[in-house]
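Have the viewer open and follow along.

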Amino acid sequence: MLEEKWQCDRCNKMIHGAENAWLKWKKNLNDETFYEFKIVHHPTCEQPIPKVQKSRLAEPGDPLTEYLGDNGFIRLLELVAHTEGKDRDELLKLIQRLHVPGYESAHIHFESAFKNGELVPPTNGVFYPTIRKIKEINEQYA
Ligand SMILES: [Zn+2]
């Protein structure tokens, strides 16, 4: 069972319940690439785009509920297909936050666990621990 709470990527406070969260990102209107994916409080932590950037930038977003479950997983994979480089890595981390049990509460401890020799090195800055390892980290660092 997935926890229905996430840490807001804008204010860092907890969001309780998927209905109170949105997935937001930026879209470069010139090359159609997506970047800066964030899970944020709805509507308080959604920030409008400054007027000067509106011609080259859009900020799409959807209720987080649309990215949960099996269909949500497929929608996230479609976003991966529009994303490159370190933004793709950030999105792969975000997908784990939404779909891997325990990941959201454990991931803030991954760097410490890695330094303590308890976790294998990240790939392009993102950790891909097993479920067992996530459970151990949540028990040990809680
Ligand atoms: Zn917030």
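Which residue does lysine 24 stand opposite in S6? Glycine 61 is the one across from lysine 24. Keep in mind that this is a predicted model.

**Around S3**

That pair belongs to a set of strand pairings that S3 makes. S3 covers residues 21-28, and with S4 (residues 34-41) it pairs in the antiparallel sense over six bridges. S6 (residues 61-63) also pairs with S3 in the antiparallel sense, over three bridges. Then there's S5 (residues 57-58), which runs antiparallel to S3 and is joined to it by two bridges. Here are the partners side by side:

| Strand paired with S3 | Residues | Bridges |
|---|---|---|
| S4 | 34-41 | six bridges |
| S6 | 61-63 | three bridges |
| S5 | 57-58 | two bridges |

A couple of other residue pairs are handy for finding your way. Tryptophan 22 has valine 40 as its bridge partner in S4, while lysine 27 is bridged to alanine 58 in S5. S3 and S4 make a hairpin, with five residues between the two strands. Look in the turn for glutamate 32, whose phi is positive, at about 65°.

**The cores**

Now for the nonpolar side. The largest nonpolar core has 18 residues, and the ones touching the most other members are Ala21, Leu23, Ile39, Leu64 and Leu94. At least two residues of this core come from each of S3, S4 and helix H2 (85-99). Take alanine 21: beyond its neighbours within four places in sequence, it's in contact with Trp6, Ile15, Ile39, Val40, His41, His42 and Leu64. There's also a second, separate core of eight residues, with Tyr103, Ala106, Ala113 and Ile134 among them.

**Tyrosine 67**

Is tyrosine 67 buried or exposed? Although it sits in the loop between S6 and helix H1 (69-81), tyrosine 67 counts as buried because 23 other C-beta atoms lie within 10 Å, and the cut-off is 20 or more. Not counting residues up to four places away in sequence, tyrosine 67 touches Leu23, Gly72, Arg75, Leu76 and Leu98. Histidine 42 is 25 residues from tyrosine 67 in sequence, and their C-alpha atoms are 15 Å apart.

Methods. Residues numbered from 1 in each chain as written. Predicted model: local features only at pLDDT ≥ 70, side-chain atom pairs only at ≥ 80, totals over all residues. Pairing = 2+ DSSP bridges. Helix = DSSP H or I, 4+ residues; strand = E, 2+ residues; numbered from the N terminus. Core = buried A, V, L, I, M, F, W, Y, C linked by C-beta atoms within 7 Å. Buried ≥ 20, exposed ≤ 12 C-beta atoms within 10 Å, placed from the backbone. Contact = placed C-beta atoms within 7 Å.
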